[in-house]
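Hi,

I am passing a structure on to you, as promised. Please open it first, and then read my notes below.

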Amino acid sequence: MDYGFHMAVTTWNEKVAKDMELLVKEKGINSFKFFLAYKGALMVTDEQMLQGFKKCKELGALPLVHAENGDAVAEGQSQIFAMGITGPEGHALSRPPVLEGEATARSIRLAKFINTPLYVVHVMSIDAMQEISQARQSGQRVIGEPIVSSLALDDSKLWDADFKIAAQYVMSPPIRSAGHDKALQAALSTGILQLVGTDHAPFNSSQKAQGRHDFRAIPNGVNGIEERMHIVWDVMVNSGKLSPREYVRITSTACAQIFNIYPRKGAILPGSDADIIILNPNATTKISASTHHSRMDTNIYEGWTMKGNIEVTISQGRVAWENGRLHVKRGAGRYIPMAPFSYLFDGLDKLDLEYVSSFKAPVDRSTAA
């Protein structure tokens with residue numbers, strides 16, 4: 001399959017700025033991810049985020065944020081562990097929705113100050129969704145991406161008595177309590193949120209077991225890349241929340257447009273790449289770790305049975321998957337460069353300092369004592 005990358009900015013200095021320039025101008029990168037979580041590892045400060053946002057706008061690149069308040073999460077982890085809560089449920093308890101909402105709001109406001117578009121990855125909560133909705137209603141360019149697990153699951157499995165079962169659901173931001181999933185489905189169906197990703201970052205149960213006695217040591221991440229198209233069809237189309245045409249938009253077209261590779265990707269048109277799936281809405285799919293194509297020994301959608309099955313996959317006009325068999329040649333996938341955006345011709349060339357123009361004239365202090 002064809003592929004592209006975005007890069008992560010985890011600190012700030014002149015070398016990072018020069019690297020970003022090289023990546024955008026010569027390597028086909030047009031998006032950079034900023035982590036507001038993972039204190040002491042990937043997390044950036046507000047100052048680093050501001051400088052990164054400025055550089056993104058200068059280069060015509062799209063900034064992405066993982067929105068959780070890393071300082072507060074670290075405090076929550078310490079307090080929850082000190083209370084004697086050491087299992088996977090402690091992960092969710094230490095990272096409540098309010099911390100996702102706060103970081104989402106902060107990144108949105110800083111993006112507004114810098115006057116750059118913003119993409120919020122893996123939206124997991126009502127709190128984050130509402131901040132995105134409010135910003136979009138005010139005219140700000142904010143993109144919200146729920147993922148398969150935030151749309152389809154709740155956090156009940158995190159309290160399972162079997163550590164192996166509970167630990168496989170640990171990801172960040174956490175899968176939320178029942179109700180958040182339905183709210184995110186509604187937001188996706190009404191256009192508040194724009195597309196569906198996976199945040200696919202799987203670990204085997206032996207790797208998850210590193211945190212058996214301390215939830216802070218459980219590797220964060222769940223599966224989703226193989227299951228995405230089936231789960232989204234079931235949750236959103238079989239339920240009547242989206243039409244098949246809208247399903248194409250949220251799984252394919254919107255992504256290609258957002259990352260500036262439309263109509264080469266995300267469309268079936270003359271001149272577009274012939275990347276196509278054929279989904280049979282009347283066939284049945286059952287998900288299980290015993291039959292999936294990952295080397296993981298667990299699956300967070302274990303036992304899900306649904307109407308709708310992808311029967312054919314076409315890549316670059318060639319049949320890659322049909323009748324349960326793979327027909328590919330190693331190395332056939334191409335790296336797809338993603339061109340930068342022309343922000344400077346779209347009213348985004350300056351900081352958002354409209355409040356300054358509300359003053360009738362500068363204050364005259366020439367005669368002040």
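This is a predicted model: local features need pLDDT of at least 70, side-chain atom pairs count only at pLDDT 80 or more; totals for chains, interfaces and linings use all residues.

Residues are numbered from 1 along each chain as its sequence is written, and side-chain values use heavy atoms, leaving out hydrogens and water.

**The sheet.** Helices (H or I, at least four residues) and strands (E, at least two) are DSSP runs, numbered from the N terminus; two strands pair if DSSP finds at least two bridges between them. Four strands make an open antiparallel sheet in the order E6-E7-E8-E9. Its edges are E6 and E9 (325-326), each pairing on one side only. Eight antiparallel bridges link E6 (residues 276-286) with E7 (residues 305-315), and isoleucine 276 sits opposite isoleucine 314 in E7. E7 in turn pairs with E8 (residues 318-322) over four bridges, again antiparallel. These two strands form a hairpin with two residues between them, and glutamine 316 in the turn has a positive phi of about 55°. Two bridges then join E8 to E9, where leucine 326 is the bridge partner of tryptophan 321.

**The cores.** A nonpolar core is a set of buried Ala, Val, Leu, Ile, Met, Phe, Trp, Tyr and Cys residues joined through side-chain atoms within 4.5 Å; buried means under 20% relative accessible area and exposed over 50%, with partly exposed in between (1.4 Å probe, protein chains only). The largest has 73 residues, and Met20, Phe32 and Ile231 are among those with the most contacts inside it. Helix H11 (residues 228-237) gives the most to this core, with seven residues. Another core, of 13 residues, lies apart from it and includes Leu64 and Tyr119. As for contacts (heavy atoms within 4.5 Å), isoleucine 231 touches Val148, Ala152, Ile287, Tyr301, Trp304 and Met306, not counting residues up to four places away in sequence.

**Helix H1.** Which residues of H1 are buried? They are Val16, Ala17, Met20, Leu23 and Val24. They are on the same side of H1, because they cover an arc of only 125° around the axis (taken from the directions from the helix axis to the C-beta atoms). Strands E1 (7-9) and E2 (31-35) and helix H2 (46-59) are included in what covers them. The face turned away from the buried side carries the exposed residues Glu14, Lys15, Lys18, Lys25 and Glu26.

Best wishes
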